[in-house]
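Subject: Structure handover and notes

Dear colleague,

Here is the structure I said I would pass on. My notes on what was found in it follow below.

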Amino acid sequence: MAAVADSYSETAVPDDVGIPSGASSRTPSAPDGPLGWRGYDEARARARERTGEEESVVTALATIGGREAVVLSFEFRYLGGSLGERTGDRLEAAYTHAREHRLPVVSLIATGGSRMQEGMRALTQLQRVARQSALNRAAGLPQLAVLRDPTTGGGWATLGAAADVILALPGAQVGFAGSRVRPPDADPSAYTAEGQLAAGQIDAVVPPDQLRATLQRWLQLLGTSRELPATTVDPAPPPAALGPPGLPETGWDAVVRARASGRPRAEAYLRAYFDDREEISGDRCGGVDPGIRCGFGRREGRTIAFAAQCGTATRPAGFRTAARLVRLADRLGVPVLTLVDTPGAANDAAAERAGAGAAIADTFAALATARVPVTSLLIGEGGSGGALALAAPDRLWATPDSYFSVIAPELAAAILKRDETQIHSTADQLRIRPQDLLELGVIRGVVPPA
């Protein structure tokens with residue numbers, strides 16, 4: 001814990017003795033635990049002597065980067081960091097303390113799962129942890145997890161996978177199945193931090209020497225307590241245009257400018273807009289889309305969430321990641337900025353099998369139901385529904401080098417059985433230029449350069 005916190009106090013969060021809230025009402029356990037597992041008391045005594053701890057989890061109040069947080073730190077040398085009833089007592093008390101004082105929870109996880117020597121009494125602690133995590137989520141309090149080696153079983157499926165931001169140490173074993181219970185022919189890379197990152201299940205793999213600084217940045221971005229209704233949050237201002245200022249003369253001119261290889265893309269806009277930022281990754285359903293960037297940034301001392309298309313066809317994983325970002329920002333009371341730039345949603349067979357329609361629908365729903373304001377800027381191509389899904393219904397601006405169309409002019413001409421010589425006139429008919437969009441009431445305005 002000292003490796004990530006500026007300071008901490010283990011006595012600040014009550015645990016086994018005199019827990020003020022969330023404590024178990026059970027009577028002290030019988031010798032060798034609730035199952036009478038022979039040798040269990042001796043195993044715990046050896047664990048106490050080896051680690052100096054009374055349980056597999058230490059709870060504390062910590063200051064990380066100037067932000068106070070409740071920290072849950074697993075001691076793997078204490079019976080493999082396993083979860084038992086007394087572990088559940090400590091975790092429940094810590095989550096309750098975080099809610100009462102409106103503090104984020106940071107979990108430093110290293111566990112093999114539930115404690116066999118306590119049987120089903122141990123396994124049901126996962127329900128306690130899941131409930132506490134859900135209560136903190138409903139209270140709008142962020143939860144960050146750091147996956148150490150190993151993070152398996154119920155600890156991964158509750159404290160780890162349920163966190164808002166999931167970081168992992170390089171090479172850490174991460175998976176629901178531990179090494180001794182998974183199929184013998186299973187690909188071992190799937191059970192690593194790197195494998196989980198590639199599968200969209202965690203946000204980043206962070207080297208140990210960078211962990212403290214990374215946690216500090218995340219707590220600076222998410223750690224501020226917000227008790228005001230989300231409807232009172234001020235919207236994010238639209239970014240200034242980074243490309244040339246003049247408006248296109250024709251519809252096809254707008255298409256050419258938006259498709260130009262040298263046009264400013266999402267990375268340039270994010271770099272110019274934010275003083276500092278951190279990104280989330282993956283849809284938590286097995287997919288990652290490198291063509292979309294999502295995360296939280298700091299601008300003039302204020303946190304703003306962002307979801308930015310990078311000019312490629314957006315895949316189902318990208319839409320689901322964006323929807324996850326919007327819902328997380330909404331829970332935390334953080335305004336959202338989206339950058340719209342895609343020729344359209346990916347339409348290959350793999351995208352259809354991955355649920356393109358459902359992913360787009362979910363993104364529409366996330367923006368439509370967000371209580372925090374969403375600001376959108378069209379910075380390039382606005383290709384049909386794949387672009388519209390990330391566009392705020394009533395707070396959309398455009399840059400001079402962008403266009404928005406119900407369909408690409410080439411495809412529109414093909415559907416209408418027009419030859420190639422009519423593509424340019426079709427683009428004019430579609431009225432896709434920024435000034436057309438303004439006249440049609442689709443956008444609020446065309447943003448000027450800084």
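A salt bridge here is a side-chain nitrogen of Lys or Arg within 4 Å of a carboxyl oxygen of Asp or Glu. R431 and D436 meet that criterion, with their closest N and O atoms 3.8 Å apart. R431 counts as partly exposed because its relative accessibility is 29%, whereas D436 is buried, with a relative accessible area of 5%. Please keep in mind that this is a predicted model.

Salt bridges

The whole structure contains 27 salt bridges.

R324 and D203 meet through their side chains at 3.0 Å, N to O. This pair links distant parts of the chain: R324 belongs to helix α10, while D203 sits in the loop between α6 (193-198) and β8 (204-205), and 121 residues separate them. Both R324 and D203 are buried.

R259 and E410 form a salt bridge at 2.6 Å, N to O. Here too distant parts of the chain are linked, with R259 in helix α8 (residues 251-259) and E410 in helix α14 (residues 409-415), 151 residues apart. R259 is partly exposed at 33% relative accessibility, and E410 is partly exposed with a relative accessible area of 27%.

As for the background, side chains of opposite charge can pair when their charged atoms come close.

Strands β9 to β11

Strand β9 (residues 276-280) pairs with strand β10 (residues 292-299) in the antiparallel sense, over 5 bridges. In this pairing D276 stands opposite R298 of β10. On pairing with strand β11 (residues 302-309), β10 is again antiparallel, this time over 8 bridges. R293 stands opposite A308 of β11. β10 and β11 form a hairpin with 2 residues between them, and E300 in the turn has a positive phi of about 50 degrees.

Helix α7 (residues 208-222) has 15 residues. From its first C-alpha to its last it reaches 21 Å, close to the 21 Å expected at 1.5 Å a residue. Which residues of α7 are buried? They are L211, T214, L215, W218, L219, L221 and L222. Seen down the axis of α7, the buried residues fall within an arc of 155 degrees, so they line one face of the helix.

L215 touches V4, I64, V106, L144, V146 and L167, leaving aside residues up to four places away in sequence.

Backbone points to check by eye

- Which residues does a cis peptide bond join? It joins D149 and P150, with omega about -5 degrees. P150 is found in strand β5 (residues 143-152).
- L79 has a phi near 50 degrees, a positive value in a residue other than glycine. L79 lies in the loop between β3 (67-74) and α2 (85-100). With 22% relative accessibility, L79 counts as partly exposed.
- S384 has a phi near 55 degrees, again a positive value in a residue other than glycine. S384 is found in helix α13 (residues 384-388). With a relative accessible area of 34%, S384 is partly exposed.

Regards

Note on methods: Residues are numbered from 1 along each chain as its sequence is written. This is a predicted model: local features need pLDDT of at least 70, side-chain atom pairs count only at pLDDT 80 or more; totals for chains, interfaces and linings use all residues. Side-chain values use heavy atoms; hydrogens and water are left out. Two strands pair if DSSP finds at least two bridges between them. Helices (H or I, at least four residues) and strands (E, at least two) are DSSP runs, numbered from the N terminus. The expected span of a helix is 1.5 Å times one less than its number of residues. Buried means under 20% relative accessible area, exposed over 50%, partly exposed in between (1.4 Å probe, protein chains only). The arc is that of the directions from the helix axis to the C-beta atoms. Contact means heavy atoms within 4.5 Å.
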